[in-house]
Amino acid sequence: MTELNPAGTDAGTLIRLSAAQLAAKLAAGEVTSVEITRACLDRIAQVDGGERGINAFLHVNAEEALAVAAEVDAIRAAGGPEADALHELAGVPIAVKDLIVTVGQPTTAGSKILEGWHSPYDATVVARLRAAKMPILGKTNLDEFAMGSSTEHSAYGPTRNPWDLDRIPGGSGGGSAAAVAAFEAPLALGTDTGGSIRQPGAVTGTVGVKPTYGSVSRYGAIAMASSLDQIGPVTRTVLDSALLHQVIGGHDPKDSTSLPEPLADLVAAARTGNVEGLRIGIIKELHGEGYQAGVENRFNEALELLKDAGATIVEVSCPNFQYALGAYYLIMPSEASSNLAKFDGVRFGLRVLPTDPPLTIERVMAATRAAGFGDEVKRRIILGTYALSAGYYDAYYGSAQKVRTLVQRDFNAAFEQADVLISPTAPTTAFKLGEKLDDPLAMYLNDVATIPANLAGVPGLSLPGGLADEDGLPVGIQLLAPAREDARLYRVGAVLESLLEAKWGGPLLAQAPDLAGAPALEAQEAK
Amino acid sequence: MAAINRDDVAHLARLAHIEMSAEELDRMAGELAVIVDSVKSVSEAAGADVPATSHPIPLTNVFRDDVVGHTFTAEQSLSGAPDSLDNRFKVPAILDEA
Amino acid sequence: MSTDATLSFEEAMEKYDPVLGFEVHVELNTKTKMFSSAPNVFGDEPNTNVNEVDLGLPGVLPVVNRTAIESSIKIGLALNCSIAESCTFARKQYFYPDTPKNFQTSQYEDPIAYDGYLDIELADGTVFRVEIERAHMEEDAGKLTHMGGAAGRIQGADFSLVDYNRSGVPLVEIVTKPIEGAGSRAPELAKAYVAAVREIVKNLGVSDARMERGNVRCDANVSLRPHGRERFGIRSETKNVNSLRAVEHAVRYEIQRHAAVLDNGNPVIQETRHWHEDTRTTTSGRPKSDADDYRYFPEPDLVPVVASREWVEELRATLPEPPAARRKRLQADWGYSELEFRDVVNAGVLDEIEETIAAGASASVARKWWMGEIVGRAKNADVDPGQLGVAPATIVELAKMVDDGKINNKMATAVLDGVLAGEGTPAEIVEARGLAVVSDDGPLLEAIDAALAAQPDVAEKIRGGKVQAIGAIVGGVMKATRGQADAGRVRELILAKLGVEG
C-alpha cells in the first residue's frame, strides 16, 4: 500500500495523491481544500478540453466546488466541535457521473434529449456527498444513458483514454474513470449495470467497485435497467473506494430495493487486508479462450502473488455464465425501454416538433425521441420493446429471468467452494476509438466477465493488474464476493494492490504518459 | 423464434414512440436480427421448473408511512417544461382532427 | 357526431341476453400518494401536490404507501375476496401525456385480492350475487384539460394542459367476473352494484367515495348474445360513467345499441365507448395506439408485498359491520316492515334515521319525519335528504313538543319549515309565532257542538258505529280553531260527546 502522507503540497503532487492521502494532509493542516480543489480544476482546464483533450467532463462546477472547499477550510480553521465533526473526506473533491442528478448543475445522461436540463432534486448519493462536504468538481461523460462500453455513444463526444488518446476509456463510465486516471479528480462516482464501473476501471488502470445491489441508493441515478443498476466508487486505490463506498452507501428509505441493514465497516476491511487461508476461486468460464494473451498473463501473475501471500487458489465452474450475456441483453433493454419512456418532450428536456402535419402529441413524442436519442439507445429500446411484447415475453424476458436464477445458483455453488472469485475484468485492453462502433455485438462481448455479477446482484471490484505485454495498456483484475460481503472485496483487493504495487515500485498510474508533457498541437499533427 | 424483420421494427418503433426513416428501419432490422440471433440460446437454457428472478436481492414489504413529505411549487414543477400555460404543462392536441 | 341506431329496450330484451362486467376504480383517501409522499388532496392549485416522483422526473423511484396496502386489503376482505399471500407490482406501458412515466404502476398477474363476491339487493328485494374476479392496486393519472374546440372535449381541441396533482393517487380497481342472468334488470343491477361498492368503500372509511369528484369511477362492459347461447358476444367498454344514474343509463343504452347492430346483421366492434351525460348516449372512443400491447413486466423498482395471515386477520378485525348486515340488523331493531325499510333505503335516509333514533326519537317517529316530511322537501329542493339541513336533534325536539301536547302535528310541520328557513330552533319558532295547542276543553267543546250541528248526518253515522266518519267533524273543529287544537284530543271529546267507543 502506498505511503499515507508523502511530502509535498504543490499542485503536481496534490493531484496525484489518493483521497486517503489528501484527507490525512487536510487533517494535519498541511494543505487546504481550496488548494486541492483548485489543483484539480487547473488540471481539468489543462488536460480535459481541446481537440485531443480527455473530455472526461461535460460540466465543470468550479464555483460551487471552491465554495464548498472554502467552507470546509473555514470550519477546520475555526476548530471546535464543528471541525471535529467533519467527515474524514470533507474537502476532498469528487467528480460525478452525469447519469446522477444534481441540483445546481445540469444533468444530461450523455443525451441530447436532456441537454440543458437541471434537476430540481439531488440524488441520495449526491446529498450524502454534500453532507460530507466533498466539493463536487463537475459531471463526467458517459455513453448516452450509460448504454455502451466505450463512452463513444455520448452525444457530447467520446472521452479519451489517458494511457492512449486514440483509445476508448471503457464505458459507460469512461468519463469518471478517465478523470481519475488523468489526475483530474481523486475520486468519482460511477454506475454499473453490466460493468460500467469495472470495465472502464480495468482499461484505465483505476479501481472501480460495483457494490452489492441495494448497498448504495439508486435514488437520483437515471435508471437504465433498474434491477441491474448500482452506483459505486471510481478511485485510484482500493482504500479510496472503501472510503467513498462508506460515504454513499447504507439504507435509503427512498429506494425500495435499498438493503435495510447498516453498512459493514468497509474502510477497516481495506485497511486490514489479509488473504491468509482464504480460498480464491478462478471461474473456469471467465478466462482463457477469447481473452487477450497479455490479459491472461497479468491475471495468472496476480494468482501467483495471492498464492504466495497465503491464499488457496481453487477452480470453480459456472456453466450457466454462457447464457449470462444473452440474458443481460434481454433484461437490460427490456427495463431500459420502459425506464426511458418518460423522455417524451412533455415535462422536461427536449421537445422536437414533427416537420409535417399533423401536430399531435403522439407525433411530437415520436419526433422528440427520434431526434433526442442516439442509435445505441434506440437499438436497445426497440430490442427491449420486442422482448416484452405480446407473444415474445415468455421466450425472451421470461427466459432471461430464469437464466438469472441459474446464474445465481452458479454463484451460490461457487461461493461454497471459494470465499471470493477472481477473473480478468475485461477480455481485452482498451480498443481503438471507432473500432467497434459499427459492431454492437463485438462491443457487447466486452462485458462478458462483468455481467454475471449484475445479474446476481453480487459485488465486484476491479483493480489494476499491470500492463499487457503486447500493447502496454492496463489490464483489470476482477474480484467477486457473495451478496452483502462487499467487505471481502476490500480485504482481498487491498492485499493484491499492495503486492502488485510492491512489484511495480509504485502505483500503476505512475507509468501512465504525462498528459501535460504532450502538447496538444504535436499530438494533433501525429493524428 | 421468428426472425425480426422490417415490419416488426416499424411496429416496435410505433409502440416505443420513435419516428424512424425507411433507411433506419432497414438498418435496425439488420442489427436486431444479429442481436436476437445471438441471445436466442437464452430461451432454451432453463427448464420450466426454474423460477424467474426479477430482483437480485430478495426483499419484501418495503413500505412508507402515510406521512406527507415535501412538495414542489408550480414553478418548480414546471421548471423543466418545454411549454406551459396557467401553471400547467402544455401539450399539442391529442387527436388529429383540429 | 353521428347517432347510432338503437332498438327499444323491450325489444332488445326479447331477442338478446345481456352479459355485464364492471371495472370500478376507487380512489383511496390516504394522506399521501401511492408511491410518493406528496399529499393526496383534491382540487388544489395545479402541479403543487406533486414532487419529483409524481412528475416522473429522471432518477426517481417509488416507495409503497403502507396505508394504501391496508386499505386495499380491507376492500378485498369486504368484497369477500381471498388476499394474496404475496403479490407484486407491474408496469403497464402506454404513452399518454397524463401518465408521467408513460407507464402506469399497477398489478398484473397477482392482484392483492381475488375471487370474491358481493350480494346485491335490488329495489324489490331480489338478491343477485356478483362474482368479483380481482381487486388490484394501481396509481391514478394526471388530469388533462382540453383547450380550444368545443367545451373541453378532446375532439377538436387545439392543445391540452396537464395538471399532475392527481398523478399517483392510490387506486383500487375492482373487476367483476362476467355477470350473467340479469336479463332486463341489467341496468338496475349495474346501478345497484356500483352503489354497493361505493357504500362499502365509504363504510370502510378508505375512500371519500364521492362520484362527482371521481373518487369512484366505473367502466361498464356490455355484450349481448341470443337467448340460449352460451358463448358471450363481443363487448364494448363504456368509460367515464361517473354517477349511479349514468351507470344505469349507459348500460341500458349500450344494450339498445348492441341490439340494433346485431339486428342489422353486423358484428359489434370491440371498443372503448365514451358516455355523454348530456345526450345520454355513447360514442366510439379512439383506440389507444398501444392498447393492444401493454408490455406488462414486473416492476423492478418495487419488491413483493407479503400479506401474512396475522396481518390480514388484524385488518379483518378492524372492519366495520358490512352495509348489508347492518341493514338487516337495523330493520329488526326498528321493527319496520320489508316495504317500509326498503323505502327508507331507497330514499337514502338510513343513516339519518339511525342518527335520529340515537338522538332519542322512536323508530316510528324518526321514519314518519324523514319519510313523511323531509324526503319530499329534499326532492323539491333537488338535494339529498341528509343535505337539507335537518339535524336529528330538531326532529327529537319537534316530536317531544307534539308528545307533550304543546303543538300538534300540523304546527310541527310548520315549525320544521321555519327551521329550514333559518328562523331558529323549534322552541324559538314556537315562541316567536305564538303557537300553542288550544288545551282548554271549553272552547273546543263549543266548536265540537257547532261542527256536529253543522253536519248532523255525519254525527248520526258516528253514533251508528261508523267511527271512521269522524274525520269530517274533526276537520270542522280544526278549521274553526285554525289548526290550534290537538286533533287527538278533539277526537276523544267528539267520541265522548256522542257516547261512542273509539
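Visitor: How many bridges join β9(C) to β10(C)?
Guide: The model is predicted, with local features needing pLDDT of at least 70 and side-chain atom pairs counting only at pLDDT 80 or more, while totals for chains, interfaces and linings use all residues. Residues are numbered from 1 along each chain as its sequence is written, and chains are lettered from A and ligands numbered from 1 in the order in which they are written. Strands are DSSP runs of E with at least two residues and helices are runs of H or I with at least four, numbered from the N terminus, and two strands pair if DSSP finds at least two bridges between them. β9(C) and β10(C) run antiparallel, and the number of bridges that join them is 5.

Visitor: Which element of chain B gives the most residues to the side that touches chain C?
Guide: Counting residues as in contact if their C-beta atoms, placed from the backbone, lie within 7 Å, 36 residues of chain B touch 43 residues of chain C. On the chain B side, α1 (6–15), β1 (63–64), α4 (74–77) and β3 (88–92) each supply at least two residues. By class that side has 17 nonpolar, 11 polar and 8 charged residues, where Ala, Val, Leu, Ile, Met, Phe, Trp, Tyr, Cys and Pro are nonpolar, Asp, Glu, Lys and Arg are charged, and the others, Gly among them, are polar. The element that gives the most, with 5 residues, is β3(B).

Visitor: What is the radius of gyration of chain B?
Guide: Chain B has 4 helices and 3 strands, and its C-alpha trace spans about 50 × 45 × 20 Å along the principal axes. The radius of gyration is taken over C-alpha atoms, and the globule rule is 2.2 Å times the number of residues to the power 0.38. For 98 residues a compact globule would come near 13 Å, whereas chain B has 22 Å.

Visitor: Why is one side of β3(C) and of β15(C) left without a neighbour in the sheet?
Guide: The open, mixed sheet of chain C has 9 strands in the order β3-β7-β8-β11-β1-β12-β13-β14-β15. One side of β3 (82–83) and of β15 (281–284) has no neighbour in the sheet because each stands at an edge with a single partner strand.

Visitor: Is N55(A) buried or exposed?
Guide: N55(A) is found in the loop between α3 (33–47) and β1 (57–60) of chain A, and has a positive phi of about 55° although it is not a glycine. Most residues other than glycine have a negative phi. A residue is buried if 20 or more other C-beta atoms lie within 10 Å of its own, exposed if 12 or fewer, and partly exposed in between, with C-beta atoms placed from the backbone. With 26 other C-beta atoms within 10 Å, N55(A) is buried.

Conventions:
Contact = placed C-beta atoms within 7 Å.
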